[in-house]
Amino acid sequence: MMYGQVLHRQDREEDLVNLNVGGIQHKVERCVLLRFPNTRMGQLIQCCSDAAILELCDDYSPAEQEYYFDRSPQVFHCVLNFYRTGHFHALEELCVFCFSQEIEYWGIGELDLEACCLDWFLERKHDREQNACGGSSNATSSGEISVVGSDLWRFEGTWCSDVRKFMWQTLEDPNHSKCSKGVAAVSILVILTSIVAMCIHSMPEFRYATDSEHSVLDSLELFCNIFFSVEFVLRVVAAPRPWTFLGNPLNMIDMASVLPFYVTLAFESLDEGDGEENQSLVNMGKVVQVLRLMRAFRVLKLARHSEGVRAFGETLKNCQSEVGLLILFITVGISFFSTFIYYTEKEDASSKLSSIPVCWWWAIISMTTVGYGDVYPQTAAGRIVATLCILCGLLVVSLPITIIMNNFSKYFETNTPKRRLSVAKT
């Protein structure tokens, strides 16, 4: 018997399954497909009725015993190779999301990929997901600098659309025109002036001076707050969607930097109006002091005009899991080493590590390698524990740095070209 006759025996033909995937026909042995019975093809071979078969394929011809699938024939070559050899490899020229969807249809998981393909596949998919998420999340952050692309069409048909569009571009996009650059420069100058005035006001010679002696600082403070208020109101009026505008984190920072000034004035006016000293006025004074602390938000207003500050904020947002893990590790380390150092130092009368809460402070400055030197172990065992604490702190703090730096670099890689393109379009 010739070799060709052996391949075409009738009993051999009955064991073959006819598959038509994307117009390409395949003949595969049943036993090959049954190697992975939990996949789509494995379940298809085990079906006993035409209705069950049609639930797993797009069409079926009982006369020709052929199954039809309207799927990618390129990916099916990888799937078919997986059935035949047990080794699953990916195609680099295909989109990772398309490939992932196709193999999910065939009932094969990404983790079935061989090690040579799995690493680059997951890395490339993660990068694409980050870029996709960054496209939506950075639409807000990128829009703070360049809003030419997405929101201008919303002005069509609204009241005073041309004037509001000009105001919006002037206030929100420093690269739009020379006027917008001038407005941005003035805004930065006022922010820096406000910060300097706040710092000078905290000096003892100005803090306890009379009203007449520091009236210049008060006038400067008033001018800065009026400028911030007018700028914020104009941006709200010019915004195409004020309700969405107010929900933006940077705009909430602007509101938080302006609102305390007026609330403080209201409380101080109530305090001056009532000459009697009572507990309610004391509490009101404490509230005023807390509100004055919110002036520090003015520093964050620079993020509107600073690419670096915005990149830092976006990096922290994209690294929430890594930062959370870092905080968790540091917290666990502080709890462990503070308890450990307390029991090694409590017998020494000269040691300042007299309680576990005091040891918390020591563990914090040791794990972060700050080391103020105000509290330190006295015994040899305590110094050994301190050495271990510092080494663990170095490891814990350094582990997520690479991931954070990668996200920081990706932010510039994905956003800088977009902004250059949007500026070029204007």
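Helices (H or I, at least four residues) and strands (E, at least two) are DSSP runs, numbered from the N terminus. The model is predicted: local features need pLDDT of at least 70 and side-chain atom pairs count only at pLDDT 80 or more, while totals for chains, interfaces and linings use all residues. Residues are numbered from 1 along each chain as its sequence is written, and side-chain values use heavy atoms, without hydrogens and water.

**View 1. An open sheet is formed by four strands.** The strand order is β2-β1-β4-β3, with mixed pairing (two strands pair if DSSP finds at least two bridges between them). At the edges are β2 (24-29) and β3 (59-61), each of which pairs on one side only. From one strand to the next, the twist averages 25 degrees (axes are lines fitted to C-alpha atoms, for helices over the stretch in contact, and angles run from 0 to 180 degrees between N-to-C directions).

**View 2. Strands β3 and β4 pair in the antiparallel sense.** Three bridges join β3 to β4 (residues 66-69). Residue D59 stands opposite Y68 in β4.

**View 3. Helix α6 packs on the sheet.** The helix, residues 73-85, touches β1 (16-21) and β2 (contact means heavy atoms within 4.5 Å). The direction of α6 makes about 10 degrees with that of β2.

**View 4. L222, I226, V230, L234, Y262 and L265 make a nonpolar surface patch of about 490 Å².** Helices α12 (215-238) and α14 (249-273) are the elements that give two or more residues to the patch. The most comes from α12, with four residues.

Notes:
Patches are made of residues with over 30% relative accessible area and no salt bridge: like charges are joined within 9 Å, nonpolar side chains (Val, Leu, Ile, Met, Phe, Trp, Tyr) within 5 Å. Accessible areas come from the Shrake-Rupley method with a 1.4 Å probe; for residues, only the protein chains shown count as cover. A salt bridge is a side-chain nitrogen of Lys or Arg within 4 Å of a carboxyl oxygen of Asp or Glu.
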